[in-house]
There are 2 protein chains.
Amino acid sequence: MDKPKLFTVGPTYVNEDVREEMKRQMFSHRSSDYVKLHSELIEKLREFLNTENEIFIYTSSSTGCMESGVRNMISDSGTGLSTICGAFGKRFGEIIEQNGRKLVESEVEWGEANRGEQLDEVLSKNPGVEVVTITHCETSTGLLNPLDELCKVAKEHDVLTMVDTVSSMSGTRIEIDKLGIDFCFFGVQKCFSVPPGLAIAVVSKKAMEKAETVKNRGHYFDFLNLKKYNDKNMIPYTPPIPQMFGLSKQLDMIIDEGAGNRFYRHSKISARVRNGCKDLGFGVFPDEKYAAPTLSCISNPLEVDLAEMNSKMKERGFILASGYGKIKDTTFRIGNMGNVTLDDVNEMLENLEEVVG
Amino acid sequence: MDKPKLFTVGPTYVNEDVREEMKRQMFSHRSSDYVKLHSELIEKLREFLNTENEIFIYTSSSTGCMESGVRNMISDSGTGLSTICGAFGKRFGEIIEQNGRKLVESEVEWGEANRGEQLDEVLSKNPGVEVVTITHCETSTGLLNPLDELCKVAKEHDVLTMVDTVSSMSGTRIEIDKLGIDFCFFGVQKCFSVPPGLAIAVVSKKAMEKAETVKNRGHYFDFLNLKKYNDKNMIPYTPPIPQMFGLSKQLDMIIDEGAGNRFYRHSKISARVRNGCKDLGFGVFPDEKYAAPTLSCISNPLEVDLAEMNSKMKERGFILASGYGKIKDTTFRIGNMGNVTLDDVNEMLENLEEVVG
């Protein structure tokens, strides 16, 4: 790993091979060269994501996908329900409202997981809800929500699911088709370790059918227009070709590693981070039963000066992530997404011990 | 110039230095390193664009900027007027409608320019219009609209202006502040010769004030949110850091070349392309008084088999652009955006003569 060593929660460290691949000379996005790149990328994504659903390439960050899901899947004056356990779930709800749809919230305390039982109750009280948003990995609290039970409840109520897999996809197994996820999305700069500028969404047939009935879909994020071009292995507007090359290369490496190996690696390393931090007297912020396998949110019962700690770690070449949102000053975060190895984490923990010791 | 030689209309040929710059290792977009990159880029853009207006960085293509302008500058049930002389002006109007706003069109035949007199007439008949869209360089017909007279008329009617400078910015002088343009935008993959994935918009104080009165601005393209983060030298969501490095590097080279030299170079080379094509018996599709300085749309009175011609040129290493939209089969286009030199064009024309001779 290059110095400085990135334990951020995205953008994450990018391999030399991927960055080299992104150096290619440009060509027209209406050429046969582009069609080849697009179709190969979709094919590799389909293999790795193990889905039969439509796969869209977005020239945007993941936040753009959130806007796209909201505009295509909730009727003009319809209602979305946001399950919230941190900053990113909260923001998903705000995006629903900012796009003129009605919002119902199903919220728990930061650090707790959204659970099926509560979702069931809120959906029962709000029969008009069309779509449920789920933040799979809540990056602000380092928590992984139980996708299986939340999707099950959503299906029982016959509402569509939009799942934010931004900081979980490729770091843990997500059975898109089996769980019946209607719309899930991620940026490439987290567990995929590609520079930012490109987002991917996976869209079910039901979600596509719903979009046909929604008027206020806009232009840029319109499912129907994206589908029309996707059928020709293109996108409606100019795509970020360098990141597409980068992701294509990275997917080769990911498929080589093997999905199971990759998920196990993330899980083992994040456990090492949490245990190492607890050994130093820190705590784990979220309910540890739901601790995320891709980043750790660490609480500070020691009342260490976290700004000073992060700054000293940076001097030693280790970049950790600050807390986020309302727990910004009382927690810090350590990402282990993508290329981070167990050796990297051990070295980082040794240094952390010296810094706070 | 690398083989193949790109005379496309974007993405355009990218210098080795710029591609090398894009290889940098990633870092957090909430770090001081990012703030430095963002602020330096805004500063260089401000110098080159010579504007006091707000400069936004978009994680999108230019089409995203169109959606942003429409959603922020036209009231929820307000009306936009689109001046149309080709495919991209037409699409701008469609984006207005797809976002639930009303549309008035001021259209001329493909190949003709939108003129102030007609705009004045249409605006007089439609006093409710809030915003006029202008396609500065209409890429489908290779035509540069007279921005000065169109902006003057818009101001006389006290309507805001949204100007598509996608294939003109940095290829010809655009006096944003002097003309009083309220919103103009471009992608980096045309005359700036940076790989695609990043778009820039310049927003007037009046446009910002208008946005405050518009409800349905959404989230991803919201001026007010973009401004809030821009004030901290950040953007609300993850930006395409490699393209930002590329653009920053390219702006150094552009500023070194000098704006006047750069504009003169584009103008001289496009005239050479048109004259060279006329010498071979081709025609110039648009009214030549308004021919664009950044690309040429060439008509085919010779009835050469254009697909075969383009294919033979490709074999020789020269990539030309096909026609677009309803003149797809009867025209072809030759871009001279960004890094194309007079020597490149002369070599290309010699080969074209051999291919069609």
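1. In this predicted model, Cys184(A) has Val202(A) of S10(A) as its bridge partner. Strands of a sheet pair through backbone hydrogen bonds, and the pairing may be parallel or antiparallel.

2. S9 and S10 of chain A are part of an open sheet with seven strands. Reading across chain A, the order is S2-S10-S9-S8-S5-S3-S4, and the pairing is mixed. Strand S2 (54–58) and strand S4 (102–107) of chain A are the edge strands, each pairing on one side only. On average, neighbouring strands of this sheet are turned by 20 degrees against each other, with direction ignored.

3. Helix H4 (residues 87–98) of chain A packs on the sheet. In chain A, H4 touches strand S3 (79–84), S4, strand S5 (129–135), strand S8 (160–164) and S9. The direction of H4 makes about 165 degrees with that of S3(A).

4. How are the two chains related? Two copies of a chain are related by a rotation about an axis and a shift along it. Here a rotation of 180 degrees, with 0.0 Å of shift along its axis, superposes chain A on chain B, at an RMSD of 0.0 Å. This is the relation of a two-fold axis. Ser60(A) has the C-alpha of chain A nearest the axis, 2.5 Å from it.

5. Both copies use the same surface for their contact: 100% of the contact residues of chain A recur in chain B.

Terms used. Residues are numbered from 1 along each chain as its sequence is written. Chains are lettered from A and ligands numbered from 1 in the order in which they are written. This is a predicted model: local features need pLDDT of at least 70, side-chain atom pairs count only at pLDDT 80 or more; totals for chains, interfaces and linings use all residues. Side-chain values use heavy atoms; hydrogens and water are left out. Two strands pair if DSSP finds at least two bridges between them. Helices (H or I, at least four residues) and strands (E, at least two) are DSSP runs, numbered from the N terminus. Axes are lines fitted to C-alpha atoms, for helices over the stretch in contact, and angles run from 0 to 180 degrees between N-to-C directions. Contact means heavy atoms within 4.5 Å. Copies are superposed by least squares on the C-alpha atoms of residues with pLDDT of at least 70 in both.
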